[in-house]
Amino acid sequence: MDIARGKPAGKKQKVVLSKIWGWTILIALVLLDAFLDVIFTKGKGLESPVWKPIANLLGVSNPLFLTPLVIIIFYFGVKGGAWLSEKVDKIPAQTEELVLTTMVIVYGVFDLWLISVYLFNFTLFKNHYYLIPILITIGIAYSWWAENKLKK
């Protein structure tokens with residue numbers, strides 16, 4: 001027994017989601033985001049400066065139809081982030097799971113914020129862009145903590 005940590009000796013702490021659970025949760029969060037947009041704003045999320053040109057190009061007026069594109073973007077983001085983590089941060093294993101879990105946490109907090117705005121009229125921020133530094137901080141804090149655990 002490792003007295004300092006209160007765990008059986010040799011038992012490794014799990015700090016990241018498996019790929020299957022990570023992708024399942026991330027896809028559910030993307031779908032939840034799209035459903036919230038359809039239900040509460042009637043698809044006005046597609047009018048943002050980022051999504052409007054893409055939606056117009058593809059002729060899409062319902063956010064649910066863009067979820068496959070978002071998932072593909074996340075797939076390449078996870079693969080690219082995992083490659084960078086291996087090369088730059090020298091993380092020996094589970095880099096893809098680390099990046100995927102970070103995205104799940106950040107997107108989950110974003111969806112919780114959306115739910116609090118739509119259902120409970122939570123208006124702490126006047127503009128949703130103020131949430132970006134908070135989400136970045138959450139992602140960095142988790143990644144730093146998990147990276148240290150994975151390197152041990």
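Predicted model: local features only at pLDDT ≥ 70, side-chain atom pairs only at ≥ 80, totals over all residues.
**Figure 1. The whole protein chain.** Residues are numbered from 1 along each chain as its sequence is written, and side-chain values use heavy atoms, leaving out hydrogens and water. Of the 152 residues, 32% are buried (under 20% relative accessible area, with exposed meaning over 50% and partly exposed in between; 1.4 Å probe, protein chains only). The C-alpha atoms fill a box of roughly 55 × 35 × 25 Å along the principal axes.

**Figure 2. Helices α4 and α5 side by side.** Here α4 (residues 95–120) packs on α5 (residues 131–151) at about 150°, with the axes 9 Å apart (axes are lines fitted to C-alpha atoms over the stretch in contact, and angles run from 0 to 180 degrees between N-to-C directions). That makes the pair roughly antiparallel (over 145 degrees; under 35 is roughly parallel, 65 to 115 roughly perpendicular, and the rest oblique). Look along the contact (heavy atoms within 4.5 Å) and you'll meet, among others, L98, I105, F110 and W113 of α4 and L135, I138, Y142 and L150 of α5. Sorted by class, the contact has 12 nonpolar, 4 polar and 1 charged residues (Ala, Val, Leu, Ile, Met, Phe, Trp, Tyr, Cys and Pro are nonpolar; Asp, Glu, Lys and Arg are charged; the others, Gly among them, are polar).

**Figure 3. Y75 on helix α3.** Y75 sits in α3 (residues 67–87) and counts as partly exposed, at 37% relative accessibility. Follow the chain 25 residues from Y75 and you reach L100, yet their C-alpha atoms are 8.9 Å apart in space.

**Figure 4. K42, in the loop between α1 and α2**. K42 lies between α1 (19–41) and α2 (51–58). Its phi is near 55°, a positive value in a residue other than glycine. K42 is exposed, with a relative accessible area of 67%.

**Figure 5. N121, in the loop between α4 and α5**. For N121, which isn't a glycine, phi is positive, near 55°. N121 is exposed too, at 60% relative accessibility.

Conventions. Helix = DSSP H or I, 4+ residues; strand = E, 2+ residues; numbered from the N terminus.
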